[in-house]
Amino acid sequence: MKKLFQKIVSVFLVLCLINLQGYASVGMFGDTYSNANDSEFASFDEDAFYSEFQDIEALETYLSTNDASFDEVDASLLVNVSSNSILPLAPAVSDGPPLGIPSFLWGCILGWVGLLIVYLMADDSAETKKALWGCIISTVVWGGGYFLAY
């Protein structure tokens with residue numbers, strides 16, 4: 001059930017991304033960008049692209065030829081290489097709140113739907129409790145505001 005929900009959320013987010021890319025050519029107030037600068041965006045410098053990967057290729061060559069681990073690598077090979085640069089592309093780790101958003105906010109903003117999302121996506125019961133408290137506080141605040149309005 002949890003994996004199915006994650007797949008549904010992933011497909012929804014991909015569809016949102018594709019939809020937003022359609023709006024990339026339209027300005028904030030509906031005006032379209034001029035085509036005069038299209039050649040600037042379409043140009044591609046292949047040498048500059050491949051030069052960015054030279055440090056990583058040197059590290060990869062060293063690791064494959066010497067059968068060494070990351071901890072045994074010479075520090076000069078790691079000067080321009082960041083070990084966490086790929087983290088946005090890595091799969092999510094389930095040690096924290098879903099999608100990096102605090103569980104309290106899931107429950108507070110989305111109510112019982114946020115509570116359900118946290119329950120299905122987080123493996124930690126403490127995260128579910130935080131979402132429950134967010135849901136309860138949101139319900140009390142909105143209910144109190146409704147009561148005071150009438």
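**Figure 1. Surroundings of serine 103.** Leaving aside residues up to four places away in sequence, serine 103 touches Pro97, Pro98, Val118, Glu127, Lys130 and Ala131, where contact means heavy atoms within 4.5 Å. The model shown is predicted: local features need a pLDDT of at least 70 and side-chain atom pairs count only at pLDDT 80 or more, whereas totals for chains, interfaces and linings use all residues. Residues are numbered from 1 along each chain as its sequence is written, and side-chain values use heavy atoms, with hydrogens and water left out. Serine 103 lies in helix H5 (residues 103–110); helices (H or I, at least four residues) are DSSP runs numbered from the N terminus.

**Figure 2. The side chains of serine 103 and glutamate 127.** These two side chains make a polar contact at 2.4 Å. A polar contact is a pair of N or O atoms within 3.5 Å; within protein, one must be able to donate a hydrogen and the other to accept it, and residues adjacent in sequence count only if both atoms are side-chain atoms. Serine 103 counts as buried because its relative accessibility is 2%, buried being under 20% relative accessible area (1.4 Å probe, protein chains only).

**Figure 3. Threonine 128 in helix H7.** With a relative accessibility of 19%, threonine 128 also counts as buried. Beyond residues up to four places away in sequence, threonine 128 touches Leu115, Val118 and Tyr119.

**Figure 4. Confidence along the protein.** The mean pLDDT, the predictor's confidence in each residue from 0 to 100, is highest in helix H7 (residues 125–149), at 88, and lowest in helix H2 (residues 38–42), at 60.

Methods. Helices (H or I, at least four residues) and strands (E, at least two) are DSSP runs, numbered from the N terminus. Buried means under 20% relative accessible area, exposed over 50%, partly exposed in between (1.4 Å probe, protein chains only).
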